[in-house]
Amino acid sequence: MFNVKNKGLTDKIHEKRKCKRSSCRVYSSNLRRINNEFSKKPFTMNLSWLGTDAKTILDKIKKLANINQQRNFVSSALVGFDLLNDQKNKDIYNEYLKKLNKKKAEMQRSGEMTTKQKANFLSLSQIKKLKRLLGREVNLAR
């Protein structure tokens, strides 16, 4: 029916972490994506590539503009380090995740818009102009 790529890794995460199956699937998909985008080594189910490329992967994650993407990748990598029992890298990634969480909380408190929100923002004068334009088109259509 479906071509399941991450079933083995999802099962390992489910056994180790005891979290919901859907969360395990997200973690395993993010780990595969981390490997595809940030690591030069081939993907293996034992996640050995994650332990050896941890520093370069974190440096590449830090370059991402979106804080939410960074948080998702870092938390998925933390799950991978948990499977590897790699406490050293887990501590490094955990510290960075705490910084990201503080940064996100500050953005929410300050009311600062995200890049996506800024791209879709319209001022009140622009909205009024669009309303007038729409009204004219409706009147012409009658």
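K55 has a relative accessible area of 61% and is therefore exposed; by the cut-offs used here, exposed means over 50% relative accessible area, buried under 20%, and partly exposed in between (1.4 Å probe, protein chains only). K55 forms a salt bridge with D59, with the closest N and O atoms 3.5 Å apart. A salt bridge is defined as a side-chain nitrogen of Lys or Arg within 4 Å of a carboxyl oxygen of Asp or Glu. Both K55 and D59 belong to helix α4 (residues 54-62), where they are four residues apart, about one turn of the helix. Helices are DSSP runs (H or I, at least four residues), numbered from the N terminus. D59 is partly exposed, at 31% relative accessibility.

The model is predicted: local features need pLDDT of at least 70, side-chain atom pairs count only at pLDDT 80 or more, and totals for chains, interfaces and linings use all residues. Residues are numbered from 1 along each chain as its sequence is written, and side-chain values use heavy atoms, with hydrogens and water left out.

The whole structure holds eight salt bridges. Among them are two that involve D82, one with R17 and one with K90. D82 lies in helix α5 and R17 in helix α1 (residues 7-17), so this pair ties together parts that are 65 residues apart in sequence. D82 is buried, at 15% relative accessibility, whereas R17 is partly exposed at 35% and K90 is partly exposed at 22%.

| Salt bridge | Closest N and O atoms |
|---|---|
| D82 and R17 | 3.2 Å |
| D59 and K55 | 3.5 Å |
| K90 and D82 | 3.2 Å |

There are three aromatic pairs in the structure. Rings of Phe, Tyr and Trp (its six-membered ring) pair if their centres lie within 6.5 Å; planes under 30 degrees apart count as stacked, over 60 as edge-to-face and the rest as tilted. One of the pairs is F43 and W49, which is tilted because the planes stand at 45°, with the ring centres 5.9 Å apart. Both F43 and W49 are buried. Another pair, F81 and Y93, has its ring centres 4.8 Å apart and its planes at 70°, so it is edge-to-face. F81 lies in helix α5 (residues 67-84) and Y93 in helix α6 (residues 87-110), so the pair ties together parts that are twelve residues apart in sequence. F81 and Y93 are both buried.

Note on methods. Helices (H or I, at least four residues) and strands (E, at least two) are DSSP runs, numbered from the N terminus.
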